[in-house]
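User: Hi! I'm new to reading protein models. Could you walk me through this one?

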Amino acid sequence: MTLIGLAYNQKPEPTELTSPASEGGRQEDGELPRPDEEPPSKILDLSIAELIARDEFAEWDSPTTIAAVESALSRLGKVVRLEAKEDFPERLRQAKPDIVFNIAEGFHGVNREAHVPAICEFYGIPYSGSDPFTLSLCLDKARTKETLTFHGIPTPRFAVVEKIEDLKAVAGKFPFPLFVKPLHEGSSKGITDSSLCFDRSHFFRQTEFLLENYKQPVLIEEYLPGKEFTCAVLGNGAEATVLPIVGMNFDTLPKGALPIYSFDAKFVWDRPENPLDIFQCPARITRELQASIERVTLDAFRVLGCRDWARIDVRLDASGVPNVLEVNPLPGILPDPADNSCLPKAARAAGIGYEELIQNCLKYAAARQGVDLEHSLSRTSGAQGAPALAASGSA
Ligand SMILES: Nc1ncnc2c1ncn2[C@@H]1O[C@H](COP(=O)(O)OP(=O)(O)OP(=O)(O)O)[C@@H](O)[C@H]1O
Ligand SMILES: [Mg+2]
């Protein structure tokens, strides 16, 4: 039977949330200076420490997601959980799985998403998803945009600021409005309505806020005023397919909110008891627009070296041209259809259920690396009495 290692990082329980970060010195009350502006969240009256605490672990997976992935994978083999903590290399080496299913977002630093795949490569163990280089590249939004630009794929013009003294040089370079965000984050960490800057003083204050509190360079971009979409890709090479495009309806945001998919829109305003009906999938757009969005999505997937799956954010510029905002080679995969998780949503619209989505990703990874899943699949299915999975689902 195939042994499948499941590499993941699990979100701490809310009660655990204060300790790890405050150990790192970022969250002690009073330690962080309050900027002399209102906090970026306009809905919650949060201190800066609370604001950072609430997004510290936004990218890690919940116990529910990890269990759902484990359950899907268990149809294809025996699953061994490998939490990506300090002892991960040793546990991986001892477990010797035939393949690792990687959803670990990582712990530290700008290469954190690359750590698990790099360790797998070190031990010669096949794994799912993109390689360490692509994961690190896509976690640097500026380097990603350089690659896109080199290949002629539209993306907003940009600059990177590492220290506040650099701001003056950048300020005159592009017309307002400008959009500012941390260079190395996901899950809209550090992105609120205050990210959109209409004037120089706001631009300076917000950039300074991000530099001080997120301890990393700030990406400054032209603001794209058009419609937004997110596009899931499944597969590799000529088989890579864009699943039905997810369109965003920003009219569903609270009154006065800006038309952006901010941290508040993802995690504060969208609550189980009052869900935001923000997505339309498949997006109702012309065939022409659909084709051009799919084209930039697949082009971005390929030039960045993504594998097996990814989610790519696209927004239209003032002329209606699709631009790539950023690329997520480790996409969010919340299992509950009530949750606004775009890759599973797009898969459902294509008739691919959650388990099949996870299994397909593993099958694409196995096919690439010559891991014989089909063989183990028939044995596993027989042994567990589970119905055989459709052969057409494999790569
Ligand atoms: N240049 C821009 N112009 C207009 N809106 C932007 C721009 N950059 C970001 N946004 C808005 O901010 C949102 C979050 O930005 P981005 O996708 O870069 O963040 P992220 O944290 O990487 O997101 P994810 O949760 O997809 O990982 C976008 O979905 C979009 O609504
Ligand atoms: Mg995004």
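This is a predicted model: local features need pLDDT of at least 70, side-chain atom pairs count only at pLDDT 80 or more; totals for chains, interfaces and linings use all residues.

User: Leaving aside its neighbours within four places in sequence, which residues is Val170 in contact with?

Analyst: Val170 sits in helix H8, residues 167–171; helices (H or I, at least four residues) and strands (E, at least two) are DSSP runs, numbered from the N terminus. Ile220 is 50 residues away along the chain, yet the two C-alpha atoms are separated by 8.5 Å. Setting aside neighbours within four places in sequence, the contacts of Val170 are Ala159, Val161 and Ile220.

User: Is Val170 buried, exposed or partly exposed?

Analyst: Here we count other C-beta atoms within 10 Å of the residue's own, with C-beta atoms placed from the backbone: 20 or more means buried, 12 or fewer means exposed, and in between is partly exposed. Val170 has 17 of them, so it counts as partly exposed.

User: How many of the five residues of strand S7 are buried?

Analyst: Strand S7 covers residues 218–222 and is largely enclosed by the rest of the structure. For the chain as a whole, buried residues make up 43% of the 395 residues. In S7, the buried count is four of the five.

User: Which residue in S7 stands opposite Val180?

Analyst: Two strands pair if DSSP finds at least two bridges between them. S7 runs antiparallel to S4 (residues 158–161), with four bridges, and Phe158 stands opposite Glu221 there. S5 and S7 are also antiparallel, joined by five bridges. In that pairing, the residue opposite Val180 is Ile220.

User: Which strand gives the largest share of the shell around ligand 1?

Analyst: Ligand 1 is surrounded by 20 residues, where near means a C-beta atom, placed from the backbone, within 6 Å; the closest are Gly186, Glu221, Leu224, Ile260 and Tyr261. Strands S5 (178–182), S12 (309–316) and S13 (322–328) each supply at least two residues of this shell. The largest share, three residues, comes from S13.

User: And which residue in the hairpin of S12 and S13 takes a positive phi?

Analyst: S12 and S13 pair in the antiparallel sense over six bridges, and Arg311 has Asn328 in S13 as its bridge partner. Seven of the seven residues of S13 are buried, so this strand is largely enclosed by the rest of the structure. The hairpin has five residues between the strands, and the one with a positive phi, near 85°, is Gly320.

User: Why do strands S2 and S3 each have one side without a neighbour in the sheet?

Analyst: Three strands make an open sheet with parallel pairing, in the order S2-S1-S3. Strands S2 (78–83) and S3 (99–102) stand at the edges, so one side of each has no neighbour in the sheet. S1 (residues 3–8) pairs with S3 over four bridges, and Ala7 stands opposite Asn102 in S3. The reason, then, is that S2 and S3 each have a single partner strand.

Terms used:
Residues are numbered from 1 along each chain as its sequence is written. Chains are lettered from A and ligands numbered from 1 in the order in which they are written. Two residues are in contact if their C-beta atoms, placed from the backbone, lie within 7 Å.
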